[in-house]
Amino acid sequence: MAAAAHVPAFRETFLPDTASTRQYVGAWAVLSVVQYFVAEAAVIGAWAGPDPYSRRTGLISDLGAVTCGLYDGRSVCSPLHVLMNASFVVQGLGMLLGALLLSSALLRVAARAGVRVMASHTGEVPWYTAVAVRLLTGAAGTGTIIVGLVPEDLETGWHYTGAVMYFIGGSLALLLLGALWLRQSPLGWLVLAAGAVASAALVTAAFTGLDVPEPGTLERLMGYPITIGLSAAGLVIAQRVRQERQVRRALAARARVAGSA
């Protein structure tokens, strides 16, 4: 049996609309980015290139290449490229929806149960940090959508731009969110570490141009931590919103009982 929701003394202790459907959809949208790992595994399994695909040496974008053949000196052939590109788009939409639907007030305190802040602009540094997280996540999501809509072998410039938006925006968003949650929950360390790993790999890629023995590994160190960090954050936020919704229902039930007495 689920534990009874704790009902605060006054409804005003809620953040405005914290338990709204908008927040709930936003939280699950961010959490949905984890689908990428399932799609990538399926696409790799269907790889039809002359050599087996390796996550250590193969670039992620090769999985979304539309045609089979040589591309930039690499032999690529991905029969399930439509699935890979669709996964990029879905991942980007999840991030973009989360950035639009989740409030800055909720992001500030989502990792610490029971803590609430005013929803109005307070001029505090945490508020600006939460706003920056939303902007960066939205930019990263937009970049991922571009990557999915414009595969590497169709338009290199747009594809590269979208990838850069994702890697820079996603890693910086995790660094800021991790710092914001650092004193709220041990999960803040996970989010911060994910952002740090992605950022360090991004800097390395910028200096080396991915000209390393294992370019696939380096690229995944740029991208995987972003997906892991965002999905973990989405799970925390979804749990917080669910708790608030349970409390709101308990309040409504208590009000009905009091009204019928």
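The torsion about the S-S bond of Cys68 and Cys77 is about 60°, so this disulfide (a pair of cysteine sulfur atoms within 2.5 Å) is right-handed. The model is predicted: local features need pLDDT of at least 70 and side-chain atom pairs count only at pLDDT 80 or more, while totals for chains, interfaces and linings use all residues. Residues are numbered from 1 along each chain as its sequence is written, and side-chain values use heavy atoms, leaving out hydrogens and water.

**Disulfide**

- Searching the whole structure gives one disulfide, in which Cys68 and Cys77 are joined with an S to S distance of 2.0 Å.

**Largest pocket**

- The largest pocket holds about 570 Å³ of space, a volume being the space filled by probe spheres set on grid points joined across faces, edges and corners.
- A pocket is an open set of points on a 1 Å grid over the protein atoms alone, where a 1.4 Å probe fits, with protein on both sides within 12 Å along at least five of seven lines.
- Its lining (residues with an atom within 4 Å of a point) has 20 residues, and Leu59, Tyr160, Ala163, Leu210 and Glu219 lie nearest the centre.
- Helices α6 (156-181), α7 (187-208) and α8 (215-260) each supply at least two lining residues, helices being DSSP runs of H or I with at least four residues, numbered from the N terminus.
- With seven residues, α6 gives the largest share of this lining.
- By residue class, the lining has twelve nonpolar (Ala, Val, Leu, Ile, Met, Phe, Trp, Tyr, Cys, Pro), four charged (Asp, Glu, Lys, Arg) and four polar residues (the others, Gly among them).
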